[in-house]
Amino acid sequence: MKGRLFVISGPSGSGKSTICKKLVDNNENIVLSVSATTRKPREQEKDGINYFFLTKEEFEKKIKENAFYEYALVFNNYYGTLKEKIDDKLEAGFDVILEIDVQGAMQMKEQNNEIVMIFIMPPSKEELLHRLTDRKTESSAEIELRTAIAIEEMSKKDKYDYIVVNDELEKAIKEVEDIINN
Ligand code: ADP
Ligand code: 5GP
C-alpha cells in the first residue's frame, strides 16, 4: 500500500523540527523527507540526516535535471524536495512528512490535491522571538529576517487543512500525531 504525504509549515522557531523529530521517534510508520539546501550546516547538523547540503551550482544543476518536486528561495538560500528521496518511502508504505515553507507547500498542493497540509503556529510573536533567540543557531540579523518573514508566512495559514498552536509541546505533538494517524 502507498503511504500518504503530509506537509508541515510554520514560521522559523515555531517548533516544526522539534515536533517532527518526536513524531518520527514515536511512530515507525512516519518518516521525514530530507531536503536539499544551499544553507550552511549548523554545528550539530549532518549531511544526509538533517539536509543534503549542496553548493548553489550543485542545486541549480538539479533544478535543470528536474530532480525536485518543489523548491524555493527561503531566507536567501535554496531549499527543495528531491523526488527520488520520497518516492521510495511512499512506495514502501511509509507516511512521509515534508517540513517545507509556504511557497513549497503551495507547489506540492498544486501537484497533489490529496496531500494533508498542517501549519504550526507559535503561541505569540514574542514567544517566537524568544525561541529563535534561545536556539542560538542564527545571528541577530538572520533572526530579524526570519521574524519579519514570519508575519507574511502566518498570513497564509488559512490555506492549510489544519492549524496547530505549539504552546505546550506534548499537546502539539499529540495533535499532529492524531491528524496523521486518524
Ligand atoms: P523550527 O523547526 O520551526 O524552526 P524548532 O523546532 O527548531 O523550530 O524550535 C525552535 C526552538 O524552540 C528550539 O530551541 C526548541 O527547542 C524550542 N521549542 C519548540 N517547541 C517548544 C515549546 N512548545 N515550548 C518551548 N520551546 C519550544
Ligand atoms: P532552516 O534553515 O531553519 O532549517 O529552514 C528554513 C525554512 O526552510 C523553514 O521554513 C523550512 O520549512 C524551509 N524548508 C526546509 N526544507 C525545505 C524544502 O525542501 N522546500 C521548501 N520549499 N522549504 C524548505
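How far is an oxygen atom of ligand 1 from a polar backbone atom of Gly13? In this predicted model, the separation comes to 2.8 Å. Ligand 1 takes up the space of the largest pocket, and ligand 2 also sits in the largest pocket.

**The largest pocket**

- The volume of the largest pocket is about 1,300 Å³, and among the 42 residues of its lining, those closest to the centre are Ser17, Arg42, Glu45, Tyr51 and Glu99.
- Several elements give at least two residues each to the lining of the largest pocket, namely helix H1 (16-26), strands S5 and S6, helix H5 (125-135) and helix H6 (140-154).
- H1 provides the largest share of the lining of the largest pocket, with seven residues.
- When the lining of the largest pocket is sorted by class, it holds 14 nonpolar residues, 14 polar residues and 14 charged residues.

**Ligand 1**

- Ligand 1 is surrounded by 14 residues, of which Gly13, Ser17, Thr18, Arg135 and Asn166 are the closest.
- The backbone takes part in polar contacts with ligand 1 at Gly13, where a polar backbone atom is 2.8 Å from an oxygen atom of the ligand, and at Gly15, where a backbone N or O atom lies 3.0 Å from an oxygen atom of the ligand.
- The shell around ligand 1 is made up of two nonpolar, seven polar and five charged residues.

**Ligand 2**

- The surroundings of ligand 2 consist of 17 residues, and the closest of these are Ser35, Arg39, Tyr51, Glu70 and Tyr79.
- In the case of Arg42, a polar side-chain atom lies 2.9 Å from an oxygen atom of ligand 2.
- Ligand 2 has 520 Å² of accessible area on its own, and the protein covers 96% of it.
- Strand S5 (68-74) and strand S6 (77-82) each contribute at least two residues to the shell around ligand 2.
- In terms of class, the shell around ligand 2 contains six nonpolar, four polar and seven charged residues.

**The second largest pocket**

- The second largest pocket holds about 270 Å³ of space, and among the 14 residues that line it, Lys2, Gly3, Leu5, Leu90 and Asn112 are the closest to its centre.
- Helix H3 (83-91) and helix H4 (102-111) are the elements that give two or more residues to the lining of the second largest pocket, and H3 gives the most, with three residues.
- The lining of the second largest pocket divides by class into seven nonpolar, three polar and four charged residues.

**Residues with a positive phi**

- Asn66, which is found in the loop between helix H2 (56-64) and S5, is not a glycine and yet has a positive phi, with a value near 60 degrees.
- Phe75, which lies in the loop between S5 and S6, also has a positive phi, of about 50 degrees, although this residue is not a glycine.

Note on methods: Residues are numbered from 1 along each chain as its sequence is written. Chains are lettered from A and ligands numbered from 1 in the order in which they are written. This is a predicted model: local features need pLDDT of at least 70, side-chain atom pairs count only at pLDDT 80 or more; totals for chains, interfaces and linings use all residues. Side-chain values use heavy atoms; hydrogens and water are left out. A residue is near a molecule or strand if one of its heavy atoms lies within 4 Å of it. A polar contact is a pair of N or O atoms within 3.5 Å; within protein, one must be able to donate a hydrogen and the other to accept it, and residues adjacent in sequence count only if both atoms are side-chain atoms. Accessible areas come from the Shrake-Rupley method with a 1.4 Å probe; for residues, only the protein chains shown count as cover. On a 1 Å grid over the protein atoms alone, a cavity is a set of points where a 1.4 Å probe fits but cannot get out, and a pocket is an open set with protein on both sides within 12 Å along at least five of seven lines; lining residues have an atom within 4 Å of a point. A molecule sits in a cavity or pocket if more than half of its atoms lie within 2 Å of its grid points. Helices (H or I, at least four residues) and strands (E, at least two) are DSSP runs, numbered from the N terminus. Ala, Val, Leu, Ile, Met, Phe, Trp, Tyr, Cys and Pro count as nonpolar, Asp, Glu, Lys and Arg as charged, and the others, Gly among them, as polar. Grid points are joined across faces, edges and corners, and a volume is the space filled by probe spheres set on the points.
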